[in-house]
Amino acid sequence: MGYTKTILREGSGQKPSRGNTVTVHCTGYGKNGDLNTKFWSTKDPGQQPFTFQIGVGGVIKGWDEGVLTMSLGEIAKIHCSPDYAYGSGGFPSWGIMPNSELIFEIEVLSIK
């Protein structure tokens, strides 16, 4: 299992390294098992870009590994199998059922 990545817009070429702090815009799809239904977005009213340290296990595996392959300014869709998303526990408060595949549209805004 794992993830697949589809590039929607190429980036600048600068890629993050493990331990870097990255800031992204992200929209997640897969609410109630429907990969066309959004469950969360940093672009929603009241939300802000999401910042995290990459490659250290602080986010789901699909993000940790997938965003490492992205470059600054790149926009990509990352399709995660359940073991690279929220696994058997899901994330019920967001409508993510156990063992759900998820799709994230991610834009890398900064790398530090």
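Predicted model: local features only at pLDDT ≥ 70, side-chain atom pairs only at ≥ 80, totals over all residues.
## Overall fold

Along the principal axes, its C-alpha atoms fill a box of roughly 35 × 30 × 20 Å.

## Burial, contacts and charge

Of the 112 residues, 45% count as buried. Contacts reach well along the sequence: among those between residues at least 6 apart, 69% join residues at least 24 apart.

The chain exposes about 5700 Å², with carbon and sulfur atoms supplying 48% of that area. Charged side chains number 10 positive and 10 negative, and the centres of the two sets lie 5 Å apart.

## Aromatic pairs

Let's turn to the rings. The chain has 12 aromatic pairs. One of them joins Trp 40 and Phe 50 edge-to-face, at 6.3 Å centre to centre and 90° between the planes. Trp 40 lies in strand S3 (residues 38–41) and Phe 50 in strand S4 (residues 50–53), so this pair ties together parts 10 residues apart in sequence. Trp 40 counts as buried because its relative accessibility is 14%, under the 20% cut-off, whereas Phe 50, at 30%, counts as partly exposed.

Trp 40 also forms a stacked pair with Trp 94, at 5.3 Å centre to centre and 15° between the planes. Here the partners are 54 residues apart, with Trp 94 in the loop between strand S5 (75–80) and strand S6 (102–111). Trp 94 is partly exposed, at 28% relative accessibility.

Ring pairs link these residues into a cluster whose members include Phe 39, Phe 52, Trp 63, Tyr 86, Phe 91 and Phe 104, along with Trp 40, Phe 50 and Trp 94.

Terms used. Residues numbered from 1 in each chain as written. Heavy atoms only, no water. Buried < 20%, exposed > 50% of the residue type's maximum accessible area, 1.4 Å probe, protein only. Contact = heavy atoms within 4.5 Å. Areas by Shrake-Rupley, 256 points an atom, 1.4 Å probe, with all protein chains shown as cover. Lys, Arg positive; Asp, Glu negative; His and termini not counted. Charge placed at Lys NZ, Arg CZ, Asp CG, Glu CD. Phe/Tyr/Trp six-rings, centres within 6.5 Å; stacked < 30°, edge-to-face > 60°. Helix = DSSP H or I, 4+ residues; strand = E, 2+ residues; numbered from the N terminus.
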